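I opened a new page today. My plan is to look up one chain and write down what I find.

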Amino acid sequence: NENTIGFIGLGVMGFPMASNLLKAGKRLVVFDINIEQAAKLPFQENVIVASSKEDLAKQVDIVLLMLPNSPHVKETILGKGGLGGALDQGSLIIDMSSISSTVTKEIGNELDKREIDFMDAPVSGGQIGAVNGSLTFMVGAKKEIFDEALGLLKIMGEKIIHCGETGSGQTVKIVNQLMSAVNLVSMSEGFTLGVKGGVDPEIMRDVILNGSGRCWALEDRMPVILDRNFEPGFTIDLHTKDITLALEVGKELHVPLYATSLIHELFKTLQTKGNGQKDNSAIITLYEELAGI
Ligand code: NAD
């Protein structure tokens with residue numbers, strides 16, 4: 001039944017995305033290792049809680065995943081009792097998690113042998129985008145599979161972009177995460193220097209928003225820093241995971257990642273100091289501490 005969809009991973013992002021599918025009239029068969037969340041989904045009459053991923057796979061032909069990282073996705077698809085063994089031929093798995101592009105290609109090749117379609121469709125737009133259904137999806141898949149899944153993704157997102165073959169969506173996501181992290185660090189470094197030099201950070205922001213230093217971090221993250229509210233948002237831990245993915249892919253493809261390597265150490269320091277669960281904008285606190293602000 002095309003109207004019944006499997007959904008695995010009801011966390012910060014998955015829960016509101018699943019809610020939007022239910023609001024659009026879909027029936028969901030859901031699974032999560034921490035299943036309590038399922039009882040809070042809207043339209044409970046259309047929610048079936050699966051007892052395992054295998055049980056879920058027996059009830060659907062399309063499965064959406066929103067899991068933390070590569071090992072979780074690989075285990076869910078290719079592990080014992082995984083979707084790869086339990087779904088019928090011709091089924092479709094859409095992985096919306098942010099994971100390794102290389103692992104994604106491996107999973108795609110394995111599923112090809114079993115005649116199960118696979119696409120990577122990581123997102124940007126954060127929890128707010130997930131709640132509002134305004135996410136951007138970066139999709140790696142054969143064109144005909146992309147076309148088939150477009151309607152479903154449009155329920156959860158606004159911009160759905162086909163980036164190329166399997167793995168391309170994850171590649172674009174990794175590039176975005178690398179750039180946003182470098183961005184955030186460059187702004188933190190600059191602002192620490194400016195503030196220690198005696199300039200009001202609000203004035204500095206106003207000026208630089210009109211200068212060549214303008215960037216997403218300045219537009220979106222600096223207000224958070226000025227509020228001194230480092231509740232997440234997007235955590236240091238998750239951003240470090242994405243930077244690590246970039247470094248792994250850089251190594252595999254023999255691409256030097258100088259800036260990424262440097263900021264990885266910085267993000268790791270924040271984790272070591274126990275700040276992994278803070279918002280990524282808390283990067284600036286390390287600079288402030290070292291500069292004696
Ligand atoms: P989360 O940790 O809140 O949610 C993950 C969910 O998966 C949890 O409910 C967990 O219980 C479940 N889970 C973990 N392992 C499982 C398994 N083996 N089987 C079944 N369920 C399992 O994470 P999130 O913030 O929702 O992020 C999910 C993905 O989306 C990550 O890859 C993240 O990088 C990416 N992402 C997050 C944001 C954000 O702002 N939070 C934005 C864009 C992309």
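My entries follow, topic by topic.

**Ground rules**

I number residues from 1 along each chain as its sequence is written. I am reading a predicted model, in which local features need pLDDT of at least 70, side-chain atom pairs count only at pLDDT 80 or more, and totals for chains, interfaces and linings use all residues.

**Annotated spans**

I checked UniProt next. Its positions use the numbering used here, its feature names are shortened, and its annotations may be inferred rather than shown by experiment. An unreviewed UniProt entry lists "domain: 6-phosphogluconate dehydrogenase NADP-binding" at residues 4–164. I looked up the make-up of residues 4–164: 39% helix and 25% strand, with end C-alpha atoms 27 Å apart. Helices (H or I, at least four residues) and strands (E, at least two) are DSSP runs, numbered from the N terminus.

The unreviewed entry also places "transmembrane region" at residues 4–22. Over residues 4–22 I noted 47% helix and 26% strand, and 10 Å between the end C-alpha atoms.

For residues 167–287, UniProt (unreviewed entry) gives "domain: 3-hydroxyisobutyrate dehydrogenase-like NAD-binding". Residues 167–287 are 72% helix and 0% strand, and their end C-alpha atoms lie 35 Å apart.

**Cores**

Which residues have the most contacts inside the largest nonpolar core? I found Ala 18, Val 30, Val 63, Leu 65, Ile 93 and Val 139, in a core of 57 residues. A second, separate core has 24 residues, including Ile 174, Phe 191, Met 222 and Leu 245. A nonpolar core is a set of buried Ala, Val, Leu, Ile, Met, Phe, Trp, Tyr and Cys residues joined through C-beta atoms within 7 Å. Buried means 20 or more other C-beta atoms within 10 Å of the residue's own, exposed means 12 or fewer, and partly exposed is in between; C-beta atoms are placed from the backbone. In soluble globular proteins, nonpolar side chains tend to be buried together.

Leaving out residues up to four places away in sequence, Val 139 touches Met 119, Ala 121, Phe 146, Ile 160, Ile 161, His 162, Cys 163 and Gly 169. Touching, or contact, means that the two C-beta atoms, placed from the backbone, lie within 7 Å.

**Helix H3**

H3 spans residues 70–78, and Ser 70, Val 73, Lys 74, Thr 76 and Ile 77 are buried there. Why do they lie on the same side of H3? They do so because they cover an arc of only 165° around the axis. That arc is taken from the directions from the helix axis to the C-beta atoms. I then listed what the buried residues of H3 pack against: strands S1 (4–8), S4 (62–65) and S5 (92–95), and helices H2 (53–57), H4 (83–86) and H5 (101–113).

**The ligand**

How many residues surround the ligand? I count 26, and the closest are Gly 9, Gly 11, Val 12, Met 13 and Ser 98. H3 returns here with three residues, the largest share of the shell. H3, strand S7 (123–124) and helix H6 (126–132) each supply at least two. The shell divides into twelve nonpolar, twelve polar and two charged residues. Ala, Val, Leu, Ile, Met, Phe, Trp, Tyr, Cys and Pro count as nonpolar, Asp, Glu, Lys and Arg as charged, and the others, Gly among them, as polar.

**Ile 243**

Ile 243 is in helix H11 (residues 236–253). Is Ile 243 buried or exposed? Ile 243 is buried, because 24 other C-beta atoms lie within 10 Å. Ile 174 is 69 residues away in sequence, yet 7.6 Å away in space, C-alpha to C-alpha. Beyond four places in sequence, Ile 243 contacts Gln 177, Leu 178, Ala 181, Thr 260, Ile 263, His 264 and Phe 267.

**Positive phi**

Phe 43 has phi near 50°. Phe 43 sits in the loop between strands S2 (27–31) and S3 (47–49). Phe 43 counts as partly exposed, because it has 15 C-beta neighbours inside 10 Å. Glu 115 has a phi of about 60°. Glu 115 lies in the loop between H5 and strand S6 (117–120). Glu 115 is exposed, with 11 other C-beta atoms within 10 Å.

Note on methods:
Near = placed C-beta within 6 Å.
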